[in-house]
Amino acid sequence: MPERKTIATIGEILVEFVSHKRNCALEQISDYSGPYPSGAPAIFLDQAARMGGQTEMIGGVGADGFGRCVLQRLEQDGVGTGGVHVCDDRSTGVAFVSYYDSGERDFIFHLEGTAADGFCVPDAVFEAAQTVLHVSASSLGVPSMRAKIMDAVRRVSDAGGWVTCDPNARPELMRDSGARDAMHETMERSRCLLPSTSDLNFLFPDLTEDAAIDRLLDMGTDVLAIKRGAAGATVVSHGNRHDFDGYPVDEVDPTGAGDCFGGTFVSLWAQGVSLFEAGRLANAAGAIAVTRRGPMEGNSTPAEINAFLERTSPKELTA
């Protein structure tokens, strides 16, 4: 790689409140903790910066305590925040989440009309040809963000930069055809896709997993990093496959673990690390992430990941 690429994301920056009562469906009185810095693009980029990536966040926060909470976290972890707009007349976006014993989650998002979608994409923040633009497709479910993100996707892709995409197809944010069309265009322009197994089921309900993988590779992507939750991960490129089993950890909060995995993988891949090593470390980072309450609290440094790997072993590792 002749020049170091900047890893950028565009989308929602928010704080999250987590219910401590399971099965409450966000309709029962419960104790909550927060505000936790959150937003899928922000979680991803915070982890990418921790892994040594040069980063730039584009989004919006309010001139309030919630906004300061997120900005302080991003800045202390080395994320570039020159593209973050601080809105004086809008409050910071908020999400609430509760869990079920089954592992499923309920979310309520307050994004539209908040500072989360009250931003513009500054032309000078990144050079398109030297950018790895990561898209969390859940952001495409917010119409006011969609046009901004897609304009940047086309600009980076057409200039020869790299686009990466986590389909992250949450039904709560993907209710209209425009969001799905934007997600499919982004995926078609992506050099790296990071779907979960549930994303594969959402995107290709009539296909087996192997057939879905073939379909995505046929779309032109170079690399697939498939997240399997507690079961580990799989990294596939044309002619190569690496399977990583999960780690025995106590799950506290799974929200953000996929973004942590993605931030680790893309950051290392963009720095020239092998797919096997990027997948191995990303798999461990995702496991660490679920052990801490709060979507960004589980992000980790290379030293923390290496310490985890020294004391914890998966069932099996296939190179």
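Contact here means heavy atoms within 4.5 Å. Keep that in mind for the lists that follow.

Some ground rules. This is a predicted model, with local features needing pLDDT of at least 70, side-chain atom pairs counting only at pLDDT 80 or more, and totals for chains, interfaces and linings using all residues. Residues are numbered from 1 along each chain as its sequence is written, and side-chain values use heavy atoms, with hydrogens and water left out.

Start with Val-156. Val-156 sits in helix 3, residues 143–159. Helices are DSSP runs of H or I, at least four residues, numbered from the N terminus. Is Val-156 buried or exposed? Buried, with a relative accessible area of 0%. Buried means under 20% and exposed over 50%, partly exposed in between, with a 1.4 Å probe and protein chains only. Leaving aside neighbours within four places in sequence, Val-156 contacts Phe-126, Ala-128, Thr-131, Leu-133, Gly-161, Trp-162 and Val-163.

Next, Arg-146. Arg-146 is in helix 3 too. Arg-146 counts as buried because its relative accessibility is 14%. Its side chain reaches the backbone oxygen of Leu-140 at 2.7 Å.

Now the cores. A nonpolar core is a set of buried Ala, Val, Leu, Ile, Met, Phe, Trp, Tyr and Cys residues joined through side-chain atoms within 4.5 Å. The largest has 51 residues, and Met-57, Phe-265 and Ile-305 touch the most other members. Helix 8, residues 275–289, gives the largest share, nine residues. Apart from this core lies another, of 45 residues, including Leu-133 and Val-163. Those two names were also on the contact list of Val-156.

Conventions. Helix = DSSP H or I, 4+ residues; strand = E, 2+ residues; numbered from the N terminus. Polar contact = N/O pair within 3.5 Å; in protein donor to acceptor, adjacent residues only side chain to side chain.
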